[in-house]
Amino acid sequence: MRYSVEWIDDHVRVLNQRLLPGKEQYLDLFSSDEVAAAICDMTIRGAPAIGVAAAYGIVLAARNAPASERVQAVEDAIGALGRTRPTAVNLFAALKHMRRVLDTSNLDHLVDAMLQEAVRLHDEEISSSITISRFGASLIPEEATVLTHCNAGMIATAAHGTAVGAMVEAYTQGKLQRAIATETRPLLQGARLTVWELARAGVPTVLITDSMVGHFMRTTHIDCVMVGADRIAANGDVANKIGTYAIAVLAKAHRIPFYVTAPCSTIDGSIRSGDQIEIEERSETEVTALDGRTIAANGASVRNPAFDVTPHRFVTAIVTERGILRAPYTKELRILTGHPGGRRK
Ligand code: MRU
């Protein structure tokens with residue numbers, strides 16, 4: 001299997017990201033409900049990968065329904081998939097594309113038209129991620145050390161990766177000397193997934209805990225930070241994995257460039273600022289337990305926002321497949337997306 005999400009004959013095959021790095025298990029999903037459940041429990045995760053999986057989930061809903069119930073089945077699946085995770089806009093962008101097919105296709109050819117559209121969206125993510133990796137690598141200097149947070153790699157994109165793709169590309173070009181990966185509490189996407197990907201690509205990598213970032217920025221040379229994104233507002237504010245904001249503030253304090261890499265499918269031109277982005281709140285047990293074992297004492301209430309928003313003033317550049325954007329982002333993003341610039345709250 002080349003990518004973490006793929007269409008195989010009549011179903012979707014996904015890499016179970018929950019079991020990595022211990023086990024490389026592939027799951028065959030035959031219904032949109034199974035796809036929705038896999039997105040909810042983060043078997044499939046990462047903004048672009050969620051979008052691609054949701055598109056294939058809609059194809060399954062259309063395929064599995066009798067012709068007379070097909071339209072309703074697709075409507076229901078769009079609703080159910082749209083309720084899985086609220087922050088990554090790629091999910092909603094993909095569902096919007098699939099709805100357009102429902103609205104415009106001849107019902108006799110709906111399943112074929114839907115599969116064609118889902119494959120097109122997937123191909124688009126693949127080619128975007130290749131371009132983003134090249135553009136991102138162009139920002140990485142010789143003999144560089146680059147810090148990344150969470151996992152914006154192949155498995156998160158069902159393609160070649162964005163931030164991690166750029167780092168691997170820079171390593172291949174002989175420029176990246178060392179990667180620093182944060183562990184990314186509470187679900188350890190950095191420790192489990194980014195280190196796994198970078199190691200497979202042969203990139204020398206140092207794993208640190210999230211709370212060590214300030215120490216290393218102060219005491220060692222870090223050339224830049226490169227992360228992915230789950231949603232970018234019209235003004236350039238960026239929602240990404242919880243902890244990203246703190247790293248961006250630290251980067252600015254240490255005059256380290258902070259680069260966000262994301263396909264245009266991650267840009268939400270309909271919202272003016274990051275304040276309008278819904279932040280997913282996940283289960284308390286992700287914080288209180290590690291690998292199924294409770295580690296926290298009783299007696300405290302627990303919060304678990306899965307993402308935070310980094311205001312655009314902390315972002316040095318946004319790397320997309322259509323170019324590298326710099327402030328003022330409102331103008332740049334408006335030109336890029338053709339969107340008028342977002343509604344007020
Ligand atoms: O909760 P997750 O693991 O789905 O969050 C993923 C991230 O925050 C990634 O950085 C983001 O989706 C970019 S993936 C190219």
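Trainee: What makes S7 and strand S10 (residues 258–261) a pair?

Mentor: S7 and S10 share three bridges, in the parallel sense; two strands pair if DSSP finds at least two bridges between them, so S7 and S10 qualify. Strands are DSSP runs of E with at least two residues, and helices are runs of H or I with at least four, numbered from the N terminus. Valine 227 stands opposite valine 260 in S10. The model is predicted, with local features needing pLDDT of at least 70 and side-chain atom pairs pLDDT 80 or more, while totals for chains, interfaces and linings use all residues. Residues are numbered from 1 along each chain as its sequence is written, and side-chain values use heavy atoms, leaving out hydrogens and water.

Trainee: How do you know that strand S4 (residues 144–148) pairs with S7?

Mentor: Two bridges link S4 and S7, in the parallel sense. Leucine 147 stands opposite valine 225 in S7.

Trainee: What makes both faces of S7 (residues 224–227) covered?

Mentor: Cys224 and Met226 are buried on one side, and Val225 and Val227 are buried on the other. Buried means under 20% relative accessible area (exposed is over 50%, partly exposed in between; 1.4 Å probe, protein chains only).

Trainee: Why is histidine 122 called buried?

Mentor: Histidine 122 has 5% relative accessibility, so histidine 122 counts as buried. Histidine 122 lies in helix H5 (residues 110–138). Leaving aside neighbours within four places in sequence, histidine 122 is in contact (heavy atoms within 4.5 Å) with Tyr3, Val5, Val52, Tyr56 and Ala158.

Trainee: Which residues of H2 and H3 meet?

Mentor: Ala54, Gly57, Ile58, Ala61, Ala62 and Arg63 in H2 meet Arg70, Ala73, Val74, Ala77, Ile78 and Leu81 in H3. By class, the contact has nine nonpolar, one polar and two charged residues. Ala, Val, Leu, Ile, Met, Phe, Trp, Tyr, Cys and Pro count as nonpolar, Asp, Glu, Lys and Arg as charged, and the others, Gly among them, as polar.

Trainee: What makes S11 (267–268) and S14 (307–310) edge strands?

Mentor: The open sheet runs S11-S8-S9-S14, with mixed pairing. Strands S11 and S14 each pair on one side only.
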